[in-house]
Structure formats: C-alpha cells, structure tokens
Amino acid sequence: MALRSYLTMAGAVLALAVPLALGAAGPARALDVQRVVSEQGIEAWLVEDHANPIISMNLAFRGGAALDPEGKAGVANLASALLDQGAGDLDSQEFQEALAQNAIKMSFSARQDSFGASMQTLRENRDLAAELFALALTEPRFDEGAVERRKSQILAGIAQRAERPQTIASQAFARLLFPDHPYGRPTEGTRETVPEITAEDLRDFVGTRFSRDNLVIGVSGAIEPEELKPLLDQAFGALPEAPARSVDVADAQPQAAGETVVIERNVPQSWVVFGQEGVRRDDPDYYAVSVVNHILGGGSFASRLYKHVREDRGLVYSVYTYLDPREHTALFSGGFGTSNAQVGEAMTVVRDEWRRLAEEGPSEEEVEDAKSYLIGSFALQLSSTGNIASVLRAIQFHDLGIDHLERRSELIESVSHEDAKRLAAELLNADSLRIVAVGQAEGLEPTRPAPEEGI
Amino acid sequence: MRRPISFAALFGVLGLAFTLAATMPGQRAQAQMFEPETFTLDNGLKVVVVTNHRAPVVTQMLWYKAGSADDPQGLSGMAHIAEHMMFKGTERFPDDTFSRTVSRLGGRENAFTARDYTGYFQSVASEHLEVVMEMEADRMKNTTFTQEQFDNELLVVLEERFQRVDNNPSAQLNEVANATLHKHHPYGTPIIGWESEIRAATPDDVRAFHEEWYAPDNAVLIVAGDITAEEVRPLAEEHYGGIEPSGIGERQRLQEPPHIAPRRVEMESPRVQQPSLSIQYLAPSYRTAEDHEAYALQVLNEILGGGQTSRFYRALVIDQGIAAAAGSWYSAHSWDETSFGFYGSPRPGVEVEDIEAALRAEIRKLLDEGVSEAEVEDAQQRLRANSVYARDDVSTAARVIGRAVSSGQSVADVEAWPERVARITAEDVDAVARQVLREPASVTAVLKSEPTS
C-alpha cells in the first residue's frame with residue numbers, strides 16, 4: 001500500500017497537468033462560456049463539450065464552516081457527509097444504490113467560506129441525476145443510524161490526521177492567528193464538538209443556508225443550453241429564494257505577528273508552517289502578489305526557496321509558499337519539512353530569502369518568467385469537464401466576470417517589474433512571520449508555549 | 001517523485017487502480033478504450049499517440065521500463081535516486097535549464113518512480129512540444145552532475161523518506177507488511193529504499209543505473225493531446241531517432257517461492273491514534289496470470305470493495321456498525337506477482353480485533369458461498385461506466401497506457417479491456433477467489449495505538 005502511494009502521487013500530479021483550453025504564450029483561446037438562465041431564473045455558466053457523453057456540475061453556496069454555531073464546529077462538514085446518506089423516500093443504502101447503479105457521482109464539501117457540491121453523470125442519466133441532487137439538497141433525512149455512522153467516521157478521520165505533523169502544525173497555526181475567529185477552528189470540527197452535533201442542528205443548517213441567491217453553478221460537458229435549463233429547475237427549483245439567516249462573518253485580522261510556537265512530537269522530521277498577511281482576491285494588486293509568490297516559493301522548480309533551501313543545501317524535500325485569500329482575511333503562507341536538527345538553519349534561509357526579496361526585489365527576468373508561467377499554466381488546470389465546471393464556479397464565486405478567462409492573461413501581463421518590486425517591499429515582512437513547528441525542532445526559539453493537547 | 005503535491009490517503013490509493021479503461025455502454029460492437037496510434041522507431045523506441053483536439057495543449061510522457069524492483073542488490077532506492085538526478089542538466093542544457101524552460105513556457109513537469117517503471121512528463125502548449133521533446137531526448141544519455149549536486153540531492157531524498165515513511169506510522173507498517181509479503185522478490189524492498197542504502201549510494205551507482213536502463217529500446221514515449229501521430233512521427237524521429245539502442249533484453253528477476261505459512265506483523269505506537277488492519281495475499285497480475293484471472297480479480301475487487309454499496313462496506317460499516325472504513329484493493333498492473341488485500345479501521349470504541357474477526361468472517365463467507373450473477377453484472381456495469389469517465393481527461397489515457405506497456409501489457413490489451421471484463425462470469429470470480437485467498441499465502445498487518453503512560 002505504501003508503495004502504491006507513489007503511483008497515486010503521480011496520479012495526483014497528472015490530474016493537474018493536462019490539456020484543454022487557452023494557449024500558453026500567444027493569444028489566449030478562451031473557453032466559450034455561456035450564461036444559461038432557467039425558466040425559474042436559476043443561472044449557471046456552461047462550457048459545452050460533446051467529446052464524451054459526460055456532464056459535470058460544480059456549485060457553491062456562499063457561507064461555510066465559519067458560520068458553524070459556537071461549540072458546534074463541524075456542522076457544515078457533517079452535513080456535507082450526510083446529504084448523500086438518505087433523502088426523500090430513499091434511505092442511505094437505497095440512495096447509494098441509485099447512484100452506483102446509474103454511475104452518478106455526487107459529492108459535497110464544506111470549506112470555511114462556502115459549501116460546495118459536485119455531480120457527474122452520463123448524459124443518458126441526467127434527469128435522474130438532477131432529481132437525486134435536488135433530493136439531497138432539499139430533503140436530506142439525517143436518519144439516526146446514518147448520523148452516528150458519519151460522526152464516527154469523521155472522528156476516526158480526525159484521530160488519523162492528528163498523527164500527522166502537517167495537520168497538527170496547520171491547525172495550531174490557524175488557532176495562533178485567529179484565536180477569536182471561526183477561522184481558528186478546523187472545518188471538520190474537533191473531538192469535543194463533533195459528538196455535540198444533533199440531527200436538529202443539521203436540519204437547521206440545510207433549512208437556513210441553502211438558497212438560490214447565494215448559489216453559483218458551473219457546468220461542463222455534453223449538454224446544450226436548452227437541455228440544461230429544465231435540469232436547473234429540477235435540481236434547484238425547490239430551494240428558497242434567499243437564505244433564512246444572514247451568512248455574514250466578521251473580518252479577521254491575523255494575530256500573533258512574529259510569534260513562534262514549537263509543538264513537541266517524537267518524529268524524525270519536523271514540519272514547519274509559517275505565514276503573514278496577504279492580499280484579498282479582489283485586491284487590485286492580487287496578480288502582482290501572485291507574481292511575487294511564484295518567484296519566492298510558488299508552484300514550480302524555479303522558485304527561490306526551492307533553489308536555496310532544497311537544491312543548494314539539501315535541507316528539505318518540500319518547501320513552498322502560497323496565497324491564501326479568504327472572504328474575511330488574507331494570508332501569504334508556506335511550509336517545509338526538515339530533519340529536527342536542521343529546523344533553525346532552514347528557517348533562517350527562508351527568512352533571509354523573504355527579507356532579500358523585500359529589500360532587493362525580484363529581477364526583471366524573474367518577473368517575466370513568473371508572468372509567462374502564470375498565464376500559460378492556467379490552461380493545464382482545465383483538464384476535464386469536472387475541472388472546467390469547478391473553474392466556472394470559482395470565477396462566479398469571486399465575482400470576476402464572465403469575460404474573466406479572456407481578461408486573465410491581460411491582467412497578469414500588465415504587472416510590471418516596478419509593481420512586483422513595490423509589492424514585494426510593501427507586503428513581505430520577514431519579522432512578522434508566524435511560525436509553528438511540530439517535531440523535536442532544534443534551533444528555533446519559541447516565543448509562546450505550545451497549546452494544550454486536543455488539537 | 002520529485003516533489004509531493006499531497007500525501008495520498010491510503011484508501012484513496014485503492015480506487016485509482018480501477019479508473020482505467022473501457023468504452024461507453026452499448027456504444028460500439030468493438031468497444032475501444034482510448035483509440036491510440038502506435039509506431040516504433042528503428043532504435044526500438046515505442047511511440048504511442050492519443051489525439052484529443054479539445055485544447056491546444058499536449059503532454060509528453062517518457063516511461064523507462066526500470067523501477068525499484070530493478071535496483072541492484074544492496075542499492076535499494078537507486079531507480080528513484082536516478083530519477084532525481086535526471087533533473088541536474090546536460091552539457092547542452094546545463095543545470096536547471098530544462099525546468100526553467102518548462103516553467104517559462106507555462107508548462108508543468110514532474111517525474112515518478114514505481115516498482116516497474118520510471119516516468120518523466122511535461123504538459124505544454126502544443127506548439128512547444130518540440131522544445132520539451134528535444135530536452136527529454138537529450139537527457140536520456142547525456143545527464144551529468146557534480147559530486148556536490150549528488151550529495152545535496154541524497155539529502156533531499158532522505159528528507160523525502162522521512163516525510164513519506166518515517167514520520168508516518170502507517171507508512172512504516174506498510175513497508176514492513178510489504179517486505180513480509182514479498183520476502184524474496186524485490187517488490188519487498190521499498191521504492192524509496194532503506195535509509196542505510198540511500199546513504200551509501202554513489203554517483204557511479206547512478207551512472208551505472210542510467211547506463212544499463214535508460215535507452216530507447218527500453219522506453220515508451222506517449223504523446224497525448226492536441227496533436228496527431230503524423231505530426232509526432234517526424235519530431236520523434238528527429239530527436240529520439242538518433243539515440244543508439246542498448247540491445248537490452250527482457251528483465252530477469254528473482255521469483256517469490258510459494259508461501260506455506262500465514263504471516264503476521266503488528267506495530268504499536270503512541271503516535272497512532274486511529275488503529276487499522278490489512279490482510280493481503282499474493283495474487284497474479286495481468287502479466288503473470290495464466291488466463292483471465294486478473295480480470296476476474298478486478299470484478300471481485302469491485303464486488304467486495306467498490307464504494308459504499310460494496311459487500312465489505314455494507315457488512316462492517318453499515319450493517320454491523322463497527323468500522324469507520326472497510327474495503328479491498330487490487331491492481332493488476334504489475335510485471336510480477338502483485339497483491340489482493342482487505343482493509344478495515346474501527347469506529348471509536350471498537351477494538352481492531354473485532355474488525356479483524358469481521359473481515360475474516362466475510363472472507364470465509366465469500367469462499368463458502370461465492371458471488372451471485374447479479375453481483376457480477378452490477379460490478380461489470382460500474383466498471384464499464386467508470387471507464388467512460390476515464391476518457392474525460394486525456395492524461396488518464398497517457399497514464400493508463402504508459403503503465404500498461406511498462407508492466408508487460410500491450411496497447412491492444414488496454415483496448416481490449418472492456419471486452420475481457422465483460423466476459424467474466426460468477427464461476428470465474430469464485431474460482432479466482434479460492435485460488436488467491438488462501439490463508440498460507442496471507443500477510444496480516446495490524447496498527448495499534450499504544451497508550452502513553
């Protein structure tokens with residue numbers, strides 16, 4: 001099994017890395033995105049693709065786990081695990097059999113700011129798929145047996161992930177930055193909160209959160225607009241117009257600037273996460289900061305951290321940074337794993353690179369390379385109808401406009417060397433990095449005691 | 001792999017083996033999978049092209065038929081270290097020129113090492129195919145690196161081992177279980193290698209490995225995406241065609257002797273918070289099966305472990321309510337004998353021993369009562385439908401074909417998959433279950449938490 005994971009990892013990479021849409025350099029060949037509005041006024045964005053008899057749908061409701069009631073963290077996540085476990089007249093096994101026998105795939109997921117769903121069906125089964133989707137969203141049963149089963153599975157998953165230094169570090173990091181905000185809680189809840197959730201909480205979740213006006217839908221595959229319209233009404237027509245309760249969450253300022261926490265675990269390699277404030281998705285400087293991130297530690301073998309921490313010194317296998325823009329805050333974060341004795345050294349290299357990029361700025365060549373990567377690699381995300389539907393959902397969720405796929409290249413192209421330099425200087429602040437290390441980390445001075453057990 | 005994207009969850013792994021193959025239900029009399037075109041260069045390089053014009057992008061994958069099971073004795077991890085060292089440049093394209101070029105073109109790249117093969121790939125806009133092809137062909141024979149680069153990369157590989165294995169109790173136990181299942185055969189050695197042997201590797205070991213295995217007549221080139229075979233052929237001729245073949249023969253490996261006693265490994269660790277258990281058996285692969293056994297095992301695996309309506313999930317997770325997870329796994333893609341296995345993990349408050357007893361009871365029931373025609377038909381229908389979804393992403397074709405050809409199958413075998421699965425009967429499934437699921441050929445692995453004092 002361990003061995004197979006190597007293949008799977010390859011699978012994970014490949015899944016990201018394939019064809020469809022937009023050219024790399026040269027003029028962008030945009031996807032043909034159609035706005036489809038049903039008779040009842042439900043809107044979806046569609047990219048037709050008739051190569052295979054498959055239809056993929058991806059949607060999100062605004063508002064996610066950050067809205068879970070106090071003491072009940074994990075409601076949205078538990079709901080996501082239960083919508084396909086019995087709905088309408090079908091109990092859990094009947095619902096699953098209907099999906100399996102008709103090769104319909106359906107999944108639900110809770111994130112901090114949204115509740116997502118995706119569905120994939122063969123064209124010939126699309127009516128049934130829409131019907132089952134509607135049942136799951138509007139008439140989930142939350143039978144006692146199913147609720148208990150799903151809770152126990154989530155608790156087992158929490159226990160399993162609590163063995164991993166990566167999970168311990170990222171959860172402690174969230175709590176450190178957001179001690180008084182829902183972003184500090186894990187989406188899946190905790191060992192304390194999950195058992196407290198009742199079927200009543202779940203019914204309240206479904207009854208108050210799902211509505212047509214906080215819903216965005218992306219569709220791709222073998223379906224024409226006129227065929228999609230009735231499906232939208234069938235799947236979502238029974239949802240209320242507006243959510244029964246506000247989905248507002250307070251904005252959050254990341255806390256604990258410059259603080260370091262070390263959590264002791266008996267493992268040979270420490271896992272370290274670090275981060276500072278970032279920029280929101282709607283910030284005019286978002287693309288310039290994306291360029292800075294790519295140069296510092298973003299997704300290629302050409303980043304500065306990759307070169308200095310991994311290639312030149314052999315300190316890590318993984319080191320990376322990423323932008324983490326949320327609805328109510330924004331982070332610029334990263335991580336690495338290194339043998340316990342090297343933690344201090346590796347963190348010093350990260351800090352030095354962080355500072356050097358802020359002070360000296362990127363070179364012109366680095367900026368041009370980063371831009372051409374960010375423009376060209378986008379097409380590789382759109383590798384399947386499922387991925388395209390997901391991109392269509394994301395563009396709507398962030399209000400980027402239906403012409404975003406055409407404008408995206410220009411927005412990145414317009415980032416100048418000066419912009420990138422300015423943003424690196426303004427944003428990057430090595431002294432403000434919050435650091436959490438999990439392991440027997442040497443050479444890192446904690447500024448705060450480790451949190452108590454129960455992560 | 002050169003860089004992790006994420007850790008694969010154990011149970012996620014198992015599904016993957018199946019997402020290959022087939023065509024849509026009732027579409028054509030002669031069902032086909034991916035409709036690839038194939039040709040072979042004079043130097044023996046096999047080329048497979050899968051055309052898909054949806055977008056102006058192509059993926060080049062070069063697969064070498066050399067994996068960790070071809071590591072020299074005492075040099076475990078060599079195939080994987082050799083993979084890492086392929087990114088250090090050549091005289092024409094020194095240092096990280098290749099990676100920088102791919103990145104600048106807006107492309108993505110990576111590499112992976114498995115038991116039977118090592119693969120390299122780039123995805124780029126189709127007009128840039130020639131650029132990456134020239135560089136990939138160049139490094140087949142011309143990779144160079146300094147002692148310092150090698151020393152640093154060995155440290156990277158050790159960190160990779162700590163991250164994947166030593167930091168993770170269940171990965172550690174899997175390594176032990178695997179070494180117990182394949183006691184003599186090299187599949188018992190971890191792909192990434194034992195720590196002491198990684199530390200002992202030298203630049204000359206890597207050069208010898210490249211020299212022995214990296215040759216056009218031991219490789220398969222797959223190009224998938226917005227391109228045709230007519231367009232690929234001249235490019236492949238130009239860039240790969242001039243490389244001398246090595247005259248390499250079919251690989252010879254040690255074979256596992258018959259197992260005559262069941263084996264059991266247990267690990268207790270305070271780091272474990274969620275116990276789990278697996279029972280696995282040596283099983284034929286596509287290549288080692290005498291006839292259709294591998295296809296029958298795929299149907300069996302779908303019946304027993306294919307999702308929430310499968311037998312094991314239904315029995316342990318739903319009806320008895322004792323397990324958080326339960327299922328089976330099998331991958332037919334293997335040069336030598338592979339494994340068929342079962343896994344389970346208890347709900348909080350349930351002992352892992354109870355899960356073991358329940359798994360064994362289900363296995364016994366299967367052997368006593370067999371499977372029904374209806375179960376076989378359901379499983380075949382689900383496998384067929386999955387294969388339609390497999391066609392949605394053109395990278396899947398490249399991956400499935402590359403894996404098949406590198407582990408002893410032909411492109412024609414891949415294309416015939418739907419037909420062969422459709423021919424499996426309940427009798428076939430029962431026969432293969434009794435052949436494979438023999439107690440003396442089993443390895444049971446138990447992961448337990450050890451209460452901290």
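**Note on aromatic pairs in a predicted model**

1. Chain A averages a pLDDT of 91, and 93% of the residues score at least 70.

2. This is a predicted model, in which local features need pLDDT of at least 70 and side-chain atom pairs count only at pLDDT 80 or more, while totals for chains, interfaces and linings use all residues. Residues are numbered from 1 along each chain as its sequence is written, and side-chain values use heavy atoms, with hydrogens and water left out.

3. Over all chains, a search of the whole structure finds 29 aromatic pairs (rings of Phe, Tyr and Trp, the last by its six-membered ring, with centres within 6.5 Å; planes under 30 degrees apart count as stacked, over 60 as edge-to-face and the rest as tilted). The rings of F108(A) and F133(A) have centres 6.0 Å apart and planes at 40°, so this pair is tilted. F108(A) is buried at a relative accessible area of 9%, and F133(A) is buried at 0% (buried means under 20% relative accessible area, with a 1.4 Å probe and protein chains only).

4. In chain B, Y120(B) and Y214(B) form an edge-to-face pair, 6.3 Å centre to centre with 70° between the planes, and both residues are buried. These two tyrosines belong to one aromatic cluster together with F301(A), Y306(A), Y64(B) and F87(B).

Terms used
Chains are lettered from A and ligands numbered from 1 in the order in which they are written. pLDDT is the predictor's confidence in each residue, from 0 to 100. Buried means under 20% relative accessible area, exposed over 50%, partly exposed in between (1.4 Å probe, protein chains only).
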